[in-house]
Structures are given as structure tokens and as C-alpha cells.
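Hi everyone, thanks for coming.

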Amino acid sequence: MSVAGKAPLLSVEDLGFAYNGAIAVDGISLSVGEGEAIALLGANGAGKSTSVKVIAGAEKAQRGSVVFDGRGIGGRGAHEIVEAGITLVPEGRLVFPRLTVMENLEMGAYAARAKKSFAGNLERVFSIFPRLAERREQQAGLMSGGEQQMLAIGRGLMSAPRLLILDEPSLGLQPSMVEHIFELIQTIRALDISLIMVEQNVHRTLEIVDRAYVLEKGRVTIEGSGRDLAQNDQVRRSFLGL
Ligand SMILES: Nc1ncnc2c1ncn2[C@@H]1O[C@H](COP(=O)(O)OP(=O)(O)O)[C@@H](O)[C@H]1O
Ligand SMILES: [Mg+2]
């Protein structure tokens, strides 16, 4: 239950997933309230990407349950889950390099729900990312890493998600662009969209999320508010170099 006493928007219980017998996610439970932003933190290989792929239906859960807006969605396909309102922006800015910015954004709006609100969603994306409006006819593969990340997030927003999942949005970007991406994520937080962020940039992430979970070897080892985790000795030693 969230603070307000309402059931969370997303509730994940005892999620498990193994790649050919190699356990990647070993009984993870987490929740995201309506309008809440949470982070998944942890070292490389901890199981963060696998967890969000299973939630988004890119991989099928082998154990546990995923309930979104009161409905069990575990085992459903990725398209059905997008239609339900969960969109994953995967690690690595997977834009379609030969398509234009505009064509990439159109690809994000394939869900029936998103098609209905296409014009409004496009206007919203262009107001958050004016750069994308300027470059709408540009071939996506020719843009900078930061611009491609904006496009990947913008394409995710075109699906009109209720829960947006960003897997390592700042990875590999130059420092000024990293800060810009964090500012844009804060703008998205101000919309009516719940958020799961996977991030290596722990310090900055804990400033902008409500709560965070630390994963180790496919399990949650620490969870708490962003503020509490920023003060947590183990988090400070492991991730903040303090
Ligand atoms: N496609 C894959 N095939 C086999 N093993 C994988 C695959 N993707 C990830 N793994 C393994 O699963 C574990 C968790 O990986 P991942 O979820 O990508 O972690 P993180 O995102 O926290 O770095 C790691 O041991 C990783 O090597
Ligand atoms: Mg990952």
C-alpha cells in the first residue's frame, strides 16, 4: 500500500528469471505508486535490465507476479503491455538509425491508445525536447548520442505511457548532456507519468526519485526513500565513493 492507502499502480512480487538456467532475477518485489518515481540501482549484472524487461514483457517471467492497475499482466506480450500503459526505453538508445526523427516518433505511437492522442503527445514531446522539433526531418543515426537519447525517450512518450521505464538513460553521454537528461527527466516527472529509472549515476538519481531499490545478484538488498539511501552507509561506500 502506498502512503495514500491506495493500491500501487505497479506491484511486482517475487519475480524470477533465468537465462538458460543462469539466474538473473531471484525473487524481486517492488512497487510504484501513481505518480511516483523509483530507481533501480546496483552493479553491472545485478539484474536491473532483466527485471525491467520482464516487467515490460520483453522477457517472460518464470516466477512471481506483475500487477498493473489492478490487473495481472505477467506473461503478456510486450505489445499488450504497452497497450496497458507501460513503456520501456531500453538500454542503449535503440532508435531506428535510418528513419527520421519524425518517423521514429511515429513508431512509438503504434498502440491504439496512443494513436488516439497522437497530436497532443507529439506537441508534448516537442515542448519537452525542442531539439527534436528542430531536427524532425533529420536521419536519427546522424544525431549525437544525447539527441538520440532524447529521441528514444520521446518515442517512449509517444506511446502515452502511465508508467515509463528508462534503462540507463545517461549511459555513455558527456557530463553536460548527462545533467541535461536529468533535467528533462524531472520535467517528465511533473507530467502525470510514473517512472522507473535504472541508473549508474546514483547520487544524481537519488536526488530526483521518491524511492530506490538496490539490487545485488538478482535480489533487493536495500530499499528506501531517495533521501534515506543517499545517507545509507552501505550505499555511500558502494556507489558514492564516500
Ligand atoms: N541475453 C542474455 N543472455 C544470457 N545472460 C544474460 C543476458 N542478459 C543478461 N544476462 C546475465 O543476467 C545477469 C543480469 O544481467 P542484467 O539484467 O543485464 O544486469 P544489469 O542490468 O543490472 O547490469 C548477468 O549475469 C548477465 O550476464
Ligand atoms: Mg543493464
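Let me start with a question: which residue in β9 is the bridge partner of Leu 40? It's Tyr 213.

Before going on, some housekeeping. What you see is a predicted model, where local features need pLDDT of at least 70, side-chain atom pairs count only at pLDDT 80 or more, and totals for chains, interfaces and linings use all residues. Residues are numbered from 1 along each chain as its sequence is written, chains are lettered from A and ligands numbered from 1 in the order in which they are written, and side-chain values use heavy atoms, leaving out hydrogens and water.

Okay, back to that pair. Leu 40 has its partner in β9, and strand β3 (residues 37-41) runs parallel to strand β9 (residues 211-216), with four bridges between them. Helices here are DSSP runs of H or I with at least four residues, strands are E runs of at least two, and both are numbered from the N terminus. Two strands pair if DSSP finds at least two bridges between them.

Now zoom out. β3 and β9 belong to an open sheet of six strands, ordered β6-β7-β8-β3-β9-β10, with mixed pairing. At the edges sit β6 (86-89) and β10 (219-225), each pairing on one side only. On average, neighbouring strands in this sheet are turned by 15° against each other, ignoring direction.

Helices pack here too. α7 (residues 145-157) touches β6 and β7 (163-167), and its direction makes about 170° with that of β6. α8 (residues 175-189) lies across β3, β7 and β8 (194-198), at about 155° to β8. Contact means heavy atoms within 4.5 Å, and the angles run from 0 to 180 degrees between N-to-C directions of axes fitted to C-alpha atoms, for helices over the stretch in contact.

There's another open sheet, with four strands in the order β2-β1-β4-β5 and antiparallel pairing. Its edge strands are β2 and β5 (71-72). Eight bridges join β1 (residues 10-19) to β2 (residues 22-32), and Leu 10 stands opposite Val 32. These two strands make a hairpin with two residues between them, and Asn 20 in the turn has a positive phi of about 45°. Helix α1 lies across β1 and β2, at about 115° to β1.

So what surrounds ligand 1? The shell, meaning residues with a heavy atom within 4 Å, includes Tyr 19, Ala 46, Lys 48 and Ser 49. Helix α1 (residues 48-56) gives the most, with three residues.

Last, the polar contacts, meaning N or O pairs within 3.5 Å. A ligand nitrogen is 3.4 Å from an N or O atom in the side chain of Tyr 19. One ligand oxygen atom lies 2.9 Å from a polar backbone atom of Ser 49.

Definitions and conventions
A polar contact is a pair of N or O atoms within 3.5 Å; within protein, one must be able to donate a hydrogen and the other to accept it, and residues adjacent in sequence count only if both atoms are side-chain atoms.
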